Structures are given as structure tokens and as C-alpha cells.
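Subject: Structure handover and notes

Hello,

Please find the structure below. My notes on it follow.

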Amino acid sequence: MDKLTRTDLFTLEDYASERPEFRRRVLDHKKSRKIHVGPHATLYFEDRLTIQYQIQEMLRVEKIFEPTGITEELDAYNPLIPDGQNLKATFMLEFEDPKERQRWLGTLTGIEDRVWLAIDGLDPVWAIADEDLERATEDKTSSVHFLRFELGEAGAEALRKGALVAVGIAHDAYTHEVRPLPDPIRASLAGDLA
């Protein structure tokens with residue numbers, strides 16, 4: 001998938017008028033890219049459109065219009081766009097109660113390295129987590145992680161051809177899986193591959 005450039009983005013003024021329709025389109029698109037894995041973990045698979053929306057929102061909220069500021073946002077978010085034979089996702093651990101969240105984040109240390117994706121007939125692919133910066137300590141994990149699943153040529157080809165896909169988490173304190181992914185999600189992810 002092509003990376004975003006400044007010419008792909010709306011100016012702040014244009015985004016103000018385009019935002020309601022663009023936001024509706026992106027939120028509709030995200031429905032086929034979101035997977036709940038058990039009661040407290042969610043994978044949000046990213047692509048060019050979801051990342052454009054994230055950048056546009058950051059520019060809007062931070063009122064960034066200087067070329068250097070826009071370039072910094074592009075540099076920060078472009079790595080989250082799939083680039084060939086991989087899928088990329090934001091992984092969130094979600095707990096409503098702050099005390100429960102703190103307790104679980106201490107219990108779930110290392111969970112970001114225990115997330116897998118399996119394409120029918122192939123070995124599971126383990127997530128590569130947080131390549132931009134470390135988000136966990138020895139005592140607790142973060143509630144947000146960025147994951148990359150390297151599928152390789154065989155995995156990418158199988159997914160493009162319609163193979164079933166499963167995702168899961170294999171952590172001592174949290175083991176859940178979704179098997180198989182619903183077809184709209186599988187088809188959307190297949191569209192991310194070169």
C-alpha cells in the first residue's frame with residue numbers, strides 16, 4: 001500500500017467542511033477491520049484510509065498547518081500502513097474500571113508478544129509489537145500497542161485467494177481466539193496485501 005504524502009491530505013480549512021462525510025465513510029470502513037478477541041482485547045487493523053483519518057484528526061486537533069509539522073505526523077503514522085506481505089493493527093486492552101485496568105495491565109505483561117494470526121493450512125504468525133518505541137515495563141503492559149503480522153509470500157497469497165483466517169491471544173492470563181474471522185473482515189484484510 002502506498003504511503004501517504006502531504007498531497008493526500010486535506011488542508012485544515014477543507015477538512016472542516018469534508019470531515020462529516022469523510023468521518024462517516026471511515027467509521028463505516030472500520031467496521032470490517034475491528035476484531036474483539038475475548039472480553040477485553042480488540043484488534044483494529046489499519047490501512048491507508050484509517051491512517052489518513054488519524055492524521056487528519058491529529059492535524060485538526062493540534063491545529064497543525066506548517067509543512068514540518070505535517071511531515072512529522074506523516075512520519076509518525078505512515079509506518080502503520082501495511083506494506084506488501086504484512087498486516088498492521090492497533091491492539092487495545094480495554095477495561096472500563098480504572099482499578100481493574102491497572103490490576104490487569106500488571107497481570108498481562110508481555111501480552112503484546114502473544115498475539116497471533118493464522119491462515120488456514122499455515123503456521124500461526126506471531127505479532128511483532130511496538131517497533132517505534134517500548135510501551136511496556138517489567139511490571140505492566142500498556143493498554144495500547146502497535147502490531148505487525150509478517151505473512152510471507154505463502155500467507156499473503158493464501159489470504160488473497162480466500163483462505164480462512166483466525167486470530168488469537170495465547171497469554172497465561174488471557175487466552176482467547178476468533179476462528180474463523182467473518183468473511184467481510186477477511187476480505188478487507190486481503191485487500192491490504194500487494
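Where does Lys63 lie? Lys63 is in the loop between helix H2 (48-62) and helix H3 (67-77); helices are DSSP runs of H or I with at least four residues, strands are runs of E with at least two, and both are numbered from the N terminus.

Before the rest, the ground rules. This is a predicted model, in which local features need pLDDT of at least 70 and side-chain atom pairs count only at pLDDT 80 or more, while totals for chains, interfaces and linings use all residues. Residues are numbered from 1 along each chain as its sequence is written, and side-chain values use heavy atoms, with hydrogens and water left out.

Most residues other than glycine have a negative phi, and most peptide bonds are trans. Lys63 is not a glycine, yet has a positive phi of about 55°. Lys63 is exposed, with a relative accessible area of 60%; exposed means over 50%, buried under 20% and partly exposed in between, with a 1.4 Å probe and protein chains only. Asp130 also has a positive phi, near 50°, but counts as buried at 7% relative accessibility. Asp130 sits in the loop between strand S6 (128-129) and strand S7 (144-150). The peptide bond from Arg179 to Pro180 is cis, with omega near -15°, and Pro180 is in the loop between S9 and helix H6 (183-190).

The sheet around S4

Four strands make an open antiparallel sheet in the order S5-S4-S8-S9; two strands pair if DSSP finds at least two bridges between them. The edge strands, S5 (125-126) and S9 (174-178), each pair on one side only. S4 (residues 115-119) pairs with S8 (residues 165-171) over five bridges, and with S5 over two. S4 and S5 form a hairpin with five residues between them, and Gly121 in the turn has a positive phi of about 90°. Both faces of S4 are covered: Val115, Leu117 and Ile119 on one side and Trp116 and Ala118 on the other are all buried.

Glu46

Glu46 is in strand S2 (residues 41-46). Glu46 is buried without a salt bridge, and the nearest side chain of opposite charge, Lys30, is 5.6 Å away. A salt bridge needs a side-chain nitrogen of Lys or Arg within 4 Å of a carboxyl oxygen of Asp or Glu; for charge, Lys and Arg count as positive and Asp and Glu as negative, with His and the chain ends not counted.

Regards
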